[in-house]
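Dear colleague,

Please find below the structure for your files.

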Amino acid sequence: MKSLRLTPSRAGRSLLGMRYHLVTLGCAKNTADSRRLERALRLARHAPVATPEAAELVIVNTCGFIDAAKDESLAVVRELDAARTPGQQLYVIGCLTAIADDAVRAAVPGVDATFGVEAWDAIAASLPPADATYDLPAAAQSAAWQLGQLSAYLKLSDGCDRPCTFCIIPTIKGRMHSEPAERLLREARWLADSGARELVLVAQDSTAYGEDAAGADGLASLLEQLAEGVPDVPWLRLMYAYPGRVTRRLAETMARLSNVVPYLDMPLQHGSDAVLRRMKRPSLRVSRQSIETVRAALPDVALRTTFIVGFPGETEAEFAELLAFVEAERFDHVGVFTYSPQAGTPAATAGEQVTAEVAAERYARLMELAQEVSLARNRALVGRELDVLVESEAPARAADGGPVVVGRTYRDAPEVDGLAFVRGTFAPGALVRARVDGALAYDLLCSPAGAPPVVELEVVGSRRGARKLRRRAATRGQ
Ligand code: SF4
């Protein structure tokens, strides 16, 4: 991202507002919130800078979802507080301050201001105004707005009305409230004009969209409007569906719209009815029905889900039911979390807590199974042609020294799923038709359709690349 040059006015006052640096922690929803804040700040003519040292104001958008995330947020705030430059202000905002403002202020007494969630306009209003008479040059303005993101999150709603006994989100975010469709369409258009080639639709529960008055026509209707409103964005991707709310209409709408990818993230949390009851989550029967509905309408769908292991009272037999469920349903992507008690939630004080050792051991067993399934599903793709959205050069080259790019197929969401390595040189943002030559547990090795196959990749220098290619070595020949 380019930073703006600050030009003193004739009166010696900054024509732009404050130079700010924004640090975002936590989930995709928080990333979307930060973008809303950035928009409010830039409309008020405050200018982003790339490093905290260059900023007059440092803002930390925190996560308060689980204890580890709270600790990380506090550690980052402490670190930035210790490194403050003279006169620099420090704001702490987001989920952690929404539920533990006193704790943040006690831990870091020098913080200048704290705000909860969705406080974008209040934060912008708390800053000294910029010179409103200055006409920001169009080029500078477009540089300021240009996020240069190929994949961007679009947050459909916030808050949640579900009763999951382990989750603090409803306390932090309150009741579910949908963004009006017109606002989402404007934001989608703006992201498309800023270079987005993929919009990732997120919410606490995306399938609840429209249950309040703001999005009265529901998610299927919103998808239709988005698909029509940004036909130049080739991939619209739906995350965080709730089992039982994936209707036939929704699945068939996804199948009909060519720029909605056949991908769905539906967190299921467990595979034992007894545990699901204690979690106050939909039953296994409901989960299976939703999976069937999606697979019937979208035969090529890539299904992602997440599970919690070590939930209070989880017995070995209940965990075995979860393993059997994963084995049977053959999910393309599985995320696994070990349960972490959250003060203020019913589960934190209910039942016998599973020891950390047992939870870690179950985590490892479930991950191993999920990887086996994922590898088998990736191997079934060998020989098929898929579009790959190119993201960057890869930290690898082909055995003949040729270049390789890295991207993703529709089957992989950014940040959480796998990658596709494609031999050749292609610009970021290009959609390349590629043939799958090899499969790893998470990643695919590809060649442009019609080209000779990739037979070997060598690491050029990145640890991340090295890690991924080591995985490849471990699975070669299978
Ligand atoms: S649906 Fe998700 S956000 Fe809502 S309470 Fe359950 S786990 Fe929390």
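What percentage of the 478 residues in the chain do buried residues make up? They make up 55%, where buried means under 20% relative accessible area with a 1.4 Å probe and protein chains only.

This is a predicted model, in which local features need pLDDT of at least 70 and side-chain atom pairs count only at pLDDT 80 or more, while totals for chains, interfaces and linings use all residues. Residues are numbered from 1 along each chain as its sequence is written, and side-chain values use heavy atoms, with hydrogens and water left out.

The chain holds 14 helices and 19 strands, taken as DSSP runs (helices H or I, at least four residues; strands E, at least two) and numbered from the N terminus.

Strand β11 (residues 260-265) has five of its six residues buried, so the rest of the structure largely encloses it. Two bridges pair β11 in the parallel sense with strand β10 (residues 235-238); pairing requires at least two DSSP bridges between the strands. From β10 the chain passes through helix α9 (residues 248-256) to β11 in a right-handed β-α-β crossover, that is, clockwise from the first strand over the helix to the second with the strands pointing away from the viewer. Leucine 238 lies opposite leucine 264 of β11. Strand β12 (residues 302-309) runs parallel to β11, joined by three bridges, and alanine 302 in β12 is the bridge partner of tyrosine 263.

In helix α3, Cys95, Leu96, Thr97 and Val104 are buried.

Yours sincerely

Terms used
Buried means under 20% relative accessible area, exposed over 50%, partly exposed in between (1.4 Å probe, protein chains only).
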